[in-house]
Amino acid sequence: MTETITFKLNGKSTTITVDGDRKLLWVLRTDLGLTGTKYGCGRYLCGACTVVIDREAVRSCMLPVREVRGKEVTTIEGLAKGDQLHPLQKAFAEHGAVQCGFCTPGMIMNAYALLLRNPKATREQIIAGMEDNLCRCSAHQRIVKAIESVAAR
Amino acid sequence: MGKTESSIAAKLDRRDFMKFVGGGLVIFFTVESPAEAAQGARPKGFGFGGPGGGAPPDVNAYLRIGEDGKITVFTGKIEQGQGNMTALAQMAADELDVPLESVHMIMGDTDLCPWDMGTFGSMSIRIFGPALRSAAAEARAVLLEMAAEQLKVDKGRLKIEKGVIYSGSDRQSRVTYAQLTKGQKITRKLEQKPAPKPVSQFTLIGQSPVRVDAIEKVTGKARFTGDLRFPGLMYAKVLRPPAHGATLKSADTSEADKYPGATVINQDGLIAVLHEDPEAAEKALDTIKAEFDVPESTLDENNIFEHLVKVAAKPQELERKGDLAAGEKASATLFEAEYLNGYGAHASIETHTAVAKMEGGKLTVWISTQTPFPAQQEIARTLGMQPDKVRVITPYVGGGFGGKSTGLQALEAARLAKITGKPVQVSYNRAEEFFYDSFRPAAIVRIKSGVDANGKMCLWDYHVYYAGSRAAEQFYDVPHNLMRTYGSWMGGGATKAHPFATGAWRAPGANINVFARESQIDIMAARLKVDPLEFRLKNCSDARMRRVLEAAAERFGYKPAVGPSGRGIGIACGIDAESYVAEIAEISVDKGNDIKVRRIVAAQDMGVAVNPTGAIMQMEGCIMMGLGYTLSEDIRFKGGKILTANFDDYSVPKFSNLPEIDAFLVRNDDLPPKGGGEPAIVPVGGAIANALFDAIGVRVFQMPLTPERIARAAKNA
């Protein structure tokens, strides 16, 4: 059913008229042109589609878009302030936590929510919190170090 | 100087080509190596299909110093996460004495780049890199000559700093690359390789700058194939068979035809639904009622090995040394074992994706591929088009590992774009990705080995089915040695042995070969009651191997012990892509026979490391990915039906599996750069299997080393 949905997207009020059953991931990637959020499995198993909704990491691949009505959605495109990278983005680049880069947006968004909830997360908490984000290039060691470096600040 | 041309450059339509590349100084170069030649010759008429036509036919790449002084390298190689975009740029920048930012890489575009067979085999730096450095050295020499003429000084007095050439110490007498190349249209073909810089003069090689693609990738700006958007772009979903080998009996598309906004294509066996919303395309596809004939098959992941041996091709003899009968006679103790490994998926997080767009008779196809040129060839052939009317462009690839060397999705996107005249995207969902993956083939290794009364190896009778010989070449000192290969990872031979497609998987065939060899070595050491490191060193005189073994042992703090010592420590080593690696794993095994890998130390000699951090990142990735094939990854199937459909039934390594990985380079500047993308994955299985034996005295001969297999082996022990 077509409905009008207003929400905050990367800090800006956004109104879309769409079938509310459509999944947030595909609305972001097609209608809204935000392709940083990726499809990986379609079943909440890999985390490539992770966005942050009201400070919580959420998988967007199975989430009906109507669920974001009135909420605040942040995608990877909304993390940097202009040219000023978010500390996590900087840390991922500097620690070599990026290889093919396809899982990276989901990783960073998941870590972002993790640190919002627990700014001084320990290594164990980081590993537990990142568990369901998959990286096939297997850069896990550097991803953990990158997140640790931000958590330690 | 502007008039200078080599004989080959004179043959090209230089004006057209320079118009296309935009002037300046262009150096063409050819990669000459047996490895590259073995990849297959360039077919006539492919590569340079576009405005680039007119470049010499035998070049593999070229670099240009533009009229703005910026350097552009054009290569058919692609970036799939391994970091070659950065390391190749470093090599060019170092040789030309310019900052890294001055070098721009154009990769995997069949109109702009010359023919290249593909990105695999850890060859970008090892094979392509030296030619690139030579070309850069040639460009530097040409620029120095031009500068000498312009500044009216002897060439020997010139110094280059950041793309500016100075006359000795006179900072006023100077000319920039941009000033030299402005208005020039110079082409050169690299004929004689000028000597590139010696190691002592490296400025950028050996450094680890932040990857050139990192910022785009952390901001979501990096464009992968599925991120491309065009007006009128249609998302296509294709009807899939339930099993490999199934044939379509009937398809009723009447519901899909009525689906709002959907276009149904049913042509020559290709049934697809196109929609501007990818979810709607999928929904409409689901309404198609199709019937298939599915061939009966009882083959599954358990009985496949028996079948594979039965239908195996005749063996090829490789590596013959001495005489097996004499070796057996000399043996005081004989050892026989069989090693198995099932099918494995690449499981890149980016699924196979392609976007095709037809414009004025020319088809452009963006593909997540490791092989843009063979893809161009296949598309042209399938669509009956002239190759110069097909352009393949490779955006960033979201992981390949060998799996993106094939791609049905590109043919489908191309066909659908040609049929509809609209831009069309085909992107596999995860189930399609598992279904159409070219799996690492199931493989079998049988070894008969022997040691003499002095504990020296004297027999190595090696049989490998469906994995080929990679990393199986014997480096231990064995006087009587024969390797026989039955089919290879490239295919089961003429017998169609596998029920579905198989192909290259990171270090193809090498993982089972090294698992088998290194397990066999450990079995011999344990029987002789010799420490496994000592046994290896006693039987190996290869200096590079001894060095990495000793370096790994030192870093690990290795204390000799006869296995099983109860400590859970295992060693394995191997050679791949000309690099040497030794790994020591430390594990624990819980009551449920679950292996927890606590620590892996890895020492690698890869010659000169162009970007040491990048190389170590590849080693770490290899080790972590290697835990998957060793411990958990196994494709389940029934005949051509693939039962594994998503990450819940294919368990790839996750954060909680992360051991402490201490990967380091054993410096060897005497050798040019060797392979880095694959070598460190090859010893992982062997090291962990040996650590398992050391921990609980149980040997498992089939990977993955699952709790069930460990329990069974423990019961039989």
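At what angle do the axes of helix 4 and helix 5 of chain A cross?

**Before answering.** I am working from a predicted model, where local features need pLDDT of at least 70, side-chain atom pairs count only at pLDDT 80 or more, and totals for chains, interfaces and linings use all residues. Residues are numbered from 1 along each chain as its sequence is written, while chains are lettered from A and ligands numbered from 1 in the order in which they are written.

**Entry 1, the helix pair.** I found that the axes of helix 4 (residues 123–130) and helix 5 (residues 140–151) of chain A cross at roughly 125° and come within 10 Å. Axes here are lines fitted to C-alpha atoms, for helices over the stretch in contact, with angles from 0 to 180 degrees between N-to-C directions. Helices (H or I, at least four residues) and strands (E, at least two) are DSSP runs, numbered from the N terminus. The two helices are therefore oblique to each other (under 35 degrees counts as roughly parallel, over 145 as roughly antiparallel, 65 to 115 as roughly perpendicular, and the rest as oblique).

I then listed who touches whom, with contact meaning C-beta atoms, placed from the backbone, within 7 Å. Helix 4 of chain A brings Arg123(A), Ile126(A), Ile127(A) and Met130(A), and helix 5 of chain A answers with Ile143(A), Val144(A), Ile147(A), Glu148(A) and Ala151(A).

I noted domain 1 (2–78) and domain 2 (87–151), with bounds from an automatic or database domain assignment. Their C-alpha centres lie 21 Å apart. Domain 1 of chain A puts 14 residues into the contact and domain 2 of chain A puts in 13 residues. On the domain 1 side, strand 3 (50–53) and strand 4 (56–59) of chain A each supply at least two residues; strand 3 of chain A gives the most, with three residues.

I traced six strands in an open sheet of mixed pairing, in the order 14-22-21-20-15-29 (two strands pair if DSSP finds at least two bridges between them). Strand 14 (316–321) and strand 29 (702–703) of chain B are the edges, each pairing on one side only. Strand 29 of chain B runs parallel to strand 15 (residues 333–341) of chain B over two bridges, and Leu340(B) stands opposite Gln702(B). Helix 15 (residues 510–527) of chain B packs on this sheet, touching strands 15, 20 (443–451), 21 (457–465) and 29, and its direction makes about 150° with that of strand 15 of chain B.

Methods: Two residues are in contact if their C-beta atoms, placed from the backbone, lie within 7 Å.
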